[in-house]
Amino acid sequence: MEDDLDFKHLTFKARNVLFEEGEQGEAAYLIREGAVEIRKGIHGDYPLILATRVKGDIIGEMALFDDHPHMATAVAVERTEVLAISRREFRRRVDEMDPAMKGIVILLVKRLRQMAADNDTSIAALVRAALEEQARSHRPRPRSLGIGDSGHADTARRTAGERP
């Protein structure tokens, strides 16, 4: 598979750019080793690191789903090996998806891009904010331990003086 023209094994040195903000997407990248920073506005006065992606993560895929330019720049922060899947192969696989699922995925990508534009932020920041809100609002429920060895319910919750 890696010898196929649609799949290429690539190695990037630290500080090499995988793709630039505003460029058309030509491939999606599966990170096999190393780390990649996703940066916004690297040519402006206030560049921003949005996220760091590591082994097992995929980057660059959104630009292949909807044919919009990349929303950020990807820069290797150390020696990084990736498996690049070409636009052609990616689109072929998307086209093989169930039409309803394909429509849902494309709609999700569109919504993420719109939310990022409306909030003048990145998709990574939107996801991070949503996860932080979920963590703040999550209240773990106490769980019953059931009947203990003594035959009485919830013996683990009773104080030593209350236990039979």
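1. A polar contact here is a pair of N or O atoms within 3.5 Å, where, within protein, one atom must be able to donate a hydrogen and the other to accept it. In this predicted model, a polar atom of the glutamine 24 side chain lies 3.3 Å from the backbone oxygen of aspartate 67.

2. Glutamine 24 sits in the loop between E2 and E3. Its relative accessible area is 38%, so glutamine 24 counts as partly exposed. Leaving aside residues up to four places away in sequence, glutamine 24 touches Asp67, His68, Pro69, His70 and Arg87. Leucine 64 is 40 residues from glutamine 24 along the chain, and the two C-alpha atoms are separated by 8.5 Å.

3. Four strands form an open sheet in the order E2-E7-E4-E5, and the pairing is antiparallel. Strand E2 (17-19) and strand E5 (48-54) are at the edges; each has a single partner strand, so one side of each has no neighbour in the sheet. From one strand to the next, the twist averages 30 degrees.

4. Phenylalanine 19 has alanine 74 of E7 as its bridge partner.

5. The largest nonpolar core contains 15 residues. Leu18, Tyr29, Val36, Ile38, Ile59 and Ala74 have the most contacts inside this core. At least two core residues come from each of E2, strand E3 (27-33), strand E4 (35-40), E7 and strand E8 (80-86). E3 gives the largest share, three residues. In soluble globular proteins, nonpolar side chains tend to be buried together.

6. Which residues does leucine 18 touch, not counting residues up to four places away in sequence? They are Phe12, Tyr29, Val36, Ile59, Ala74, Val75, Ala76 and Val82. Among these contacts of leucine 18, Tyr29, Val36, Ile59 and Ala74 are also listed with the most contacts inside the largest core.

7. Helix H2 (residues 87-95) has Arg87, Glu89, Phe90, Arg91 and Val94 as its buried residues. The buried residues of H2 pack against strand E1 (7-12), E3, helix H1 (62-66), E8 and helix H3 (99-118).

Technical notes:
Residues are numbered from 1 along each chain as its sequence is written. This is a predicted model: local features need pLDDT of at least 70, side-chain atom pairs count only at pLDDT 80 or more; totals for chains, interfaces and linings use all residues. Side-chain values use heavy atoms; hydrogens and water are left out. Two strands pair if DSSP finds at least two bridges between them. Axes are lines fitted to C-alpha atoms, for helices over the stretch in contact, and angles run from 0 to 180 degrees between N-to-C directions. A nonpolar core is a set of buried Ala, Val, Leu, Ile, Met, Phe, Trp, Tyr and Cys residues joined through side-chain atoms within 4.5 Å. Buried means under 20% relative accessible area, exposed over 50%, partly exposed in between (1.4 Å probe, protein chains only). Contact means heavy atoms within 4.5 Å.
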